[in-house]
Amino acid sequence: MTAALLLFLSPADASASRNGIVHAPPVARPLPEGREIGDVEFECKEGASSRCRISDFMRYARICALLVVRSGKIRFEKYNYDPEICEDDKGEPNGPDRRYGIASVTKSITSTLLGHAIATRYGARTREQFERVLDRPIGDYVGELRRGIPSAYANVPLDNVLRMRSGVWWTEYGWHGFFSGAELFRSKVREGLMESIPTFAHRFVFPSTAGQHFNYSALDAAVASVTAENILDDRSLLQFMEKGLWASIGAEADASWGVDKAGTAIGPCCLRATVRDLARFGLLVLGEGRNGQGKQVIPSAWFEIATKRLGEEDAIPDGNQSQNAGCPLDYRYYWWLRQNRTDFTAVGRDGQFVHLYPESDTVIVQISDWKAWTNGDALECETFRAHDALEAAAQ
């Protein structure tokens, strides 16, 4: 990666992580204001008669920012200016200019960038053409994983990695708080900057005893970002995002993204962006790769594969640690799919959402402060009911 794409924000930040900057294009895509929705009511306790207003929801669910865009127009935009909600180590106040950390929402952007990279490098335009690339093993794209004692990822199809079914032994949450793979990744790759993603992935040489079943894994998404960068061959994923996706959506602000020791964007997390730019990204996905000027930036076939339930293989079994029993979801290519519906969402651990409703051309972006998913399962179900009410009011 070129030095120009790396930014050490301050001595304190530099000691913890390294960040790449994705510059905004000279001209932003306008998001004009439409008719304001107002303080919508919704059934806030499933199965009860209790009803709440969105203003109540923002307060008790610790919502920092909530934006609704329908057909390219802002219909609802509210921020919580309580300084104790979504406190920021950089001192940025809540509001439209703040670049929010979006945790695992980043995974959905990583997936989209990978689809764009495949289309750019291999000329994939149809589902069959994409699937030929997706069926090949990771080792074909990241040769480093075959060296020495091969990583367990070397022979895993790219499709499996994108569906969190790599079969590589990984403990996202640890065992009673111990032996968390995510914590080891944080210390070695995200903050410690001691290892690149491929070096870290080489630690994992054993398949899971559970086989290729759904297992939520930050490492799967990290391997996907390295794969995308290797597919691009002559440029970094950050450069590709800046000239491609970020320019195409007409972003209004720079984004920043944490990078590993080698300068590769960390696919599972660590992106910071404004709420409105996240909505612009959502609009591109709703348009199945078509931007605001009508240009097909990413082939629509990618979104047919990435965001739509294709069969029983996309279901998450009951009892899986990542399944929310109160509002069960399916999963595909780093997007969560609501069961028996057409809407789908990116989800971040503190209650961040980029929630897309294709049938009404609606994007809802929510940034919350749930303290690493404290009471998150209940709040997630509540969020879906609130979003459904906002989407209905925007019709």
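Colleague: Where is Leu-337 found?

Modeller: Leu-337 is found in strand β11, residues 335-338. Helices (H or I, at least four residues) and strands (E, at least two) are DSSP runs, numbered from the N terminus. Please note that this is a predicted model, in which local features need pLDDT of at least 70, side-chain atom pairs count only at pLDDT 80 or more, and totals for chains, interfaces and linings use all residues. Residues are numbered from 1 along each chain as its sequence is written, and side-chain values use heavy atoms, with hydrogens and water left out.

Colleague: Is Leu-337 buried or exposed?

Modeller: Leu-337 is buried, with a relative accessible area of 4%. Buried means under 20% relative accessible area, exposed over 50%, and partly exposed in between, using a 1.4 Å probe and protein chains only.

Colleague: Which residues is Leu-337 in contact with, leaving aside its neighbours within four places in sequence?

Modeller: They include Thr-307, Lys-308, Arg-309, Leu-329, Tyr-331 and Phe-344. Contact means heavy atoms within 4.5 Å. For Thr-307, the C-alpha to C-alpha separation from Leu-337 is 7.4 Å, and the two are 30 residues apart in sequence.

Colleague: And Leu-66, where does that residue lie?

Modeller: Leu-66 lies in strand β5, residues 63-70, and is buried at a relative accessible area of 0%. Its C-alpha is 5.4 Å from that of Lys-78, which is twelve residues away in sequence. Beyond four places in sequence, Leu-66 is in contact with residues including Ile-54, Met-58, Phe-76, Ile-364, Val-365 and Leu-390.

Colleague: Changing topic: how many residues does the largest nonpolar core have?

Modeller: The largest nonpolar core has 126 residues. A nonpolar core is a set of buried Ala, Val, Leu, Ile, Met, Phe, Trp, Tyr and Cys residues joined through side-chain atoms within 4.5 Å. Ile-118, Leu-219 and Trp-302 have the most contacts inside this core. Helix α8, residues 218-232, gives the most to this core, with ten residues.

Colleague: What does Leu-219 touch, not counting residues up to four places away in sequence?

Modeller: Leu-219 touches Tyr-153, Trp-170, Phe-185, Phe-200, Ala-201 and Phe-204.

Colleague: Now Ser-111: where is that residue found?

Modeller: Ser-111 is found in helix α3 and is buried, with a relative accessible area of 1%. Its side chain reaches the backbone oxygen of Tyr-333 at 3.0 Å. That is a polar contact, a pair of N or O atoms within 3.5 Å; within protein, one must be able to donate a hydrogen and the other to accept it, and residues adjacent in sequence count only if both atoms are side-chain atoms. Outside four places in sequence, Ser-111 is also in contact with Trp-302, one of several such residues.

Colleague: What is the place of Ser-368?

Modeller: Ser-368 is in strand β14, residues 362-368, and is buried at a relative accessible area of 2%. A polar atom of its side chain lies 2.5 Å from the backbone oxygen of Gly-351. The side chains of Ser-368 and Gln-366 are joined by a polar contact of 2.9 Å.

Colleague: Which residues line the largest cavity?

Modeller: The lining consists of Ser-104, Lys-107, Ser-108, Tyr-216, Tyr-331, Tyr-334, Trp-336, Ala-346 and Val-347. Helix α3 (105-122) and strand β12 (344-348) are the elements that give two or more residues to this lining. On a 1 Å grid over the protein atoms alone, a cavity is a set of points where a 1.4 Å probe fits but cannot get out, and lining residues have an atom within 4 Å of a point.

Colleague: What volume does the largest cavity have?

Modeller: The volume is about 30 Å³. Grid points are joined across faces, edges and corners, and a volume is the space filled by probe spheres set on the points.

Colleague: Finally, what is the phi of Cys-270?

Modeller: Cys-270 has a positive phi of about 75 degrees, although it is not a glycine. Most residues other than glycine have a negative phi. Cys-270 is found in the loop between β8 (255-259) and β9 (271-273), and is partly exposed at a relative accessible area of 21%. Ala-372 also has a positive phi, near 60 degrees, and lies in the loop between β14 and α12 (376-393).

Terms used: On a 1 Å grid over the protein atoms alone, a cavity is a set of points where a 1.4 Å probe fits but cannot get out, and a pocket is an open set with protein on both sides within 12 Å along at least five of seven lines; lining residues have an atom within 4 Å of a point.
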